[in-house]
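Please open the model in your viewer and keep the sequence beside it. The stops below can be selected one after another.

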Amino acid sequence: MQFGRYYEEFEVGEVYKHWPGKTVTEYDDHLFCLLTMNHHPLHMDAHYAAGTTDFGRNVVVGNYVYSLLLGMSVPDVSGKAIANLEVESLRHVKPTFHGDTIYGETEVLDKTPSKSKDDRGVVYVETRGYKQDGTVVCVFRRKVMVPKRSYGDARGGEQPGRPEPVL
């Protein structure tokens, strides 16, 4: 199974639909909040959220939704990346709640060969995340430096560094 793409394999206009989706649990959200020290009651306190917010319930912290989508995109977009160069924009369009399932897709917007090294290039993509009903919840654009096939071949091919079993 392919993991990531070489520069030559990206085509402007292509859309990669990431699979599978992820159902967000209260545990996932609270653990992420605690790990990142985001203790805002909108995310952590059901009583507060029910009585004082427009949503009437806890909202999943946006950076968790972004992180899920970024992770979902790795096998399709950045699995062979040399470097993630830039997140140009990040928009949280609609809220995500506990129990929602997040799906993602990434569109290739542009690609540019490196000017300094002929074995790589920069791919510009937009990732969109949406819930089980199709509601878009998060959109971000980023630039990823990916190798050309020559770079991969020079470093061990599809699974560089994988040892052979000793029998």
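Predicted model: local features only at pLDDT ≥ 70, side-chain atom pairs only at ≥ 80, totals over all residues.

Residues are numbered from 1 along each chain as its sequence is written, and side-chain values use heavy atoms, with hydrogens and water left out.

**Whole chain.** Colour the chain by secondary structure to find five helices and five strands, which follow the order β-α-α-α-α-β-β-β-β-α along the sequence; helices (H or I, at least four residues) and strands (E, at least two) are DSSP runs, numbered from the N terminus. Of the 167 residues, 39% are buried, where buried means under 20% relative accessible area, exposed over 50%, and partly exposed in between (1.4 Å probe, protein chains only).

**His18.** Select His18 in strand β1 (residues 15-23), a buried residue with a relative accessible area of 4%. What does the side chain of His18 make a polar contact with at 2.6 Å? One partner is the side chain of Thr106, at 2.6 Å, and the side chain of Asp76 is also joined to that of His18 by a polar contact of 2.6 Å. A polar contact here is a pair of N or O atoms within 3.5 Å; within protein, one must be able to donate a hydrogen and the other to accept it, and residues adjacent in sequence count only if both atoms are side-chain atoms.

**Ring pairs.** Next, show the rings of Phe, Tyr and Trp (its six-membered ring), which pair if their centres lie within 6.5 Å, with planes under 30 degrees apart counted as stacked, over 60 as edge-to-face and the rest as tilted. The count comes to six aromatic pairs. In one of them, the ring centres of Phe32 and Tyr64 are 5.3 Å apart and the planes stand at 50°, so the pair is tilted. Because Phe32 belongs to helix α1 and Tyr64 to helix α4 (residues 62-78), this pair ties together parts that are 32 residues apart in sequence. Phe32 is buried at 18% relative accessibility, and Tyr64 is buried at 11%. Then select Phe55 and Phe97, an edge-to-face pair with 6.0 Å centre to centre and 65° between the planes. Phe55 is partly exposed at 39% relative accessibility, whereas Phe97 is buried at 7%. Trp19, Tyr103 and Tyr130 are linked by ring pairs into a cluster.

**Leu35.** Finish at Leu35, in helix α1 (residues 26-35), which counts as exposed at 65% relative accessibility.
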